[in-house]
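Please look at the sequence and the structure first.

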Amino acid sequence: GGSIEIYNRIKELISEKGLLTEIELEEEKPGIGIKKSGCHGFCEMGPLIRIEPYNYLYLKVKIEDCEEIVETTLIKGQPVARLMYNWQNKVYETQEEIPFYKKQTRLVLGNCGHIDAESIREYIANDGYKALGKCILEMEPEQVCKTISDSNLRGRGGGGYPAGRKWAQVVAQSSDIKYVVCNGDEGDPGAFMDRSVMEGDPHRVIEGMIIAGFATKSHQGYIYVRAEYPLAVERLKAAITQARQYGLLGDNILNSGFSFDIKVNQGAGAFVCGEGSALTASIEGERGMPRVKPPRTVEAGLWAKPTVLNNVETFANVPQIIINGSEWYKSIGPEKSPGTKAFAITGNVNNTGLIEVPMGTTLREVLFDIGGGIKNDRRFKAVQIGGPSGGCLTEEHLDLALDFDSLKKVGAMIGSGGLVVMDEDTCMVEVARFFMNFTQNESCGKCVPCREGTKRMLEILEKIVAGKGTVEDLELLEDLADTITETALCGLGKTAASPVISTLKFFRDEYLAHIVDKK
Ligand code: SF4
C-alpha cells in the first residue's frame, strides 16, 4: 500500500524543482521522469522504487523518504543506503545483486516492474510485437504451430499438457470457426502469478494470443479474468485498444489479410470457472458448470467450436519462443519440462513474493536462496504446492526438482504455481481443513461425489480439529478421498482430496495427536 501516494509525492517534488519530464520515447529533453510499473515481485519489501540508470532498488519506501530520494539520488546521483536491501550486514546496491533476484530467470516476468504497463510504446521498445511480426510476415501458420510443439512448452495452468499439441489438435478440426481463449481465472488461494503478468505486461499475453490465432487460423480471442482483478481488466482493455490503434489487432493485421480480435470477459470469481468447460460456459453467458468430456475443448469448446484454451503464463511464453526458437527454449530447464515457471511464495517465509525460475530448480533454492528462509528462524515444516488441488512437500522433498514430472512422482502437482510455506508451528490437520473448506465452498454441486463427499470430509476434519475424532474417522477420510478422486466429474472434485491425502501420508502423527489428545 501507499505506492500511489509515493508516486504522486515524488512527481510533485520533481515538478516543484522544474525537473519533471514525461518519459516518452521521442522526448530527449533532459530531466527526471517517473512512471508506474507492474509488480517487481518483491512483495514483502513494498512499496518499491527502482532508479535508473543506477539500478538502485529502494525498499519499504515511505512518504517521509521521498524528499531525501529526490535530493540525494535523483539530483545528486548518490544512493540512500538505508533504503537498500540489507542482509546479514551487507547492503545490496543494485537490484540485480539482491539474492532474491539474482537466482531468478525472469523471462515471462522480464518486463514486470520495468516498463510502464500502460504503454504499448515501451512494450514495443523492448522487442514487443516482434514475434507477431515474424509470424505474420515471415512464417506460415503450420511453422508457428511446429515451433511451439518443438519447444515442448507445457501448459502453465496446472496440467502441463503440451501447448503445441493442443494447437495442432485445433488445427486438425474442420470447422472454419475457431476460438482462442485465455484462462486468467487464477483462483488458488495464495496464487497471483497470472494477475501480475496481466497487470504488469498485458501486451505480452495479447501478443501470445494473436500468435495462437494466426497459428490455428482463428479470428476471435477471449480473455477470461476474474472480476477481483480490476487493474488487470483495466490494463488488458487499454492494451487491446492500443494494439488495435497500432494495427496489431483487428482487421487485416499488419496488412497481411489476417484478422483477429480479443474481448475481455469478467468472471465472478467462482473457482470452478477455471475448469475449461465451465469457463467456456461462463463466457457463453451460461452458469459456469463443467460438463462431461468428451468432446474435449479442442474439438468442441466455446460455442461448440474448436478452441485453444491456455492460461496467461502459457500465452506469455509464446512470443519469446518465436523470437529465440524452440532449441533456445528447450535449453532452459529439464528436457521434458523446459522453460521457466513463475511461483507465488506466501506464508511463513522471509521474502514473500512473485518469482520466476527455470523448471527443475529445487525447492530448497526457491525457499532458502530466493525466499530467504523461514520467518523468525523457525524450522521449515511443509509447503503446499498447487493450491487446493495440490499436495504438500516436506523436508524430505527440499532437494526435489520442481517440474511437472518429478512432482507427479511424489503425488503433488505444480498447479498454477502457488507455494504456501508453513513452519514448525503450523497444524497440518488445520491446513487440510482450510483447503477442504475452500473446495467445499467452491464445489458447483453438479455431481454427487464432490457435492456430498467434500461436505462429509469437511465435517470429519472439523470433528478431528475439535478433538472429537476417532481412528475410524481417518479410514473414512481415506475411503471418501478415493471415491471422490475416482468418480467426480471435473478436476475440482478429482483433486479435492489431495491436501487430505498428502497430509495423511506425511503427517499422520498430527492427525493421531488430535485423536489421542482427546482421550
Ligand atoms: Fe461440480 Fe465438483 Fe462435480 Fe466438478 S466435481 S462438476 S465442481 S460438483
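An open sheet is built from 5 strands in the order 10-9-13-11-12, with mixed pairing. Two strands pair if DSSP finds at least two bridges between them. Strands (E, at least two residues) and helices (H or I, at least four) are DSSP runs, numbered from the N terminus. Strand 10 (353-358) and strand 12 (391-394) are at the edges with a single partner strand each, so one side of each has no neighbour in the sheet. From one strand to the next, the twist averages 30°.

The model is predicted: local features need pLDDT of at least 70, side-chain atom pairs count only at pLDDT 80 or more, and totals for chains, interfaces and linings use all residues. Residue numbers start from 1 along each chain as its sequence is written.

| Strands | Direction | Bridges | Example |
|---|---|---|---|
| strand 9 (residues 340-347) and strand 10 | antiparallel | 6 bridges | Ala344 with Leu354 |
| strand 5 (residues 179-184) and strand 8 | parallel | 5 bridges | Cys182 with Asn310 |

Is strand 8 (residues 307-311) mostly covered or uncovered? Strand 8 is mostly covered, as 5 of its 5 residues are buried. A residue is buried if 20 or more other C-beta atoms, placed from the backbone, lie within 10 Å of its own. In a regular strand, side chains alternate between the two faces of the sheet. Thr307, Leu309 and Asn311 lie on one side of strand 8, Val308 and Asn310 on the other, and all are buried.

Helices also pack against each other. The axes of helix 6 (residues 141-151) and helix 9 (residues 202-216) come within 7 Å and cross at roughly 120°. Axes are lines fitted to C-alpha atoms, for helices over the stretch in contact, and angles run from 0 to 180 degrees between N-to-C directions. Helix 6 and helix 9 are therefore oblique to each other. Pro141, Val144, Cys145 and Ile148 of helix 6 meet Ile211, Phe214 and Ala215 of helix 9. Contact requires C-beta atoms, placed from the backbone, within 7 Å.

The axes of helix 8 (residues 193-200) and helix 13 (residues 312-324) come within 9 Å and cross at roughly 50°. Helix 8 is therefore oblique to helix 13.

Technical notes. Parallel < 35°, antiparallel > 145°, perpendicular 65-115°, else oblique. Contact = placed C-beta atoms within 7 Å. Buried ≥ 20, exposed ≤ 12 C-beta atoms within 10 Å, placed from the backbone.
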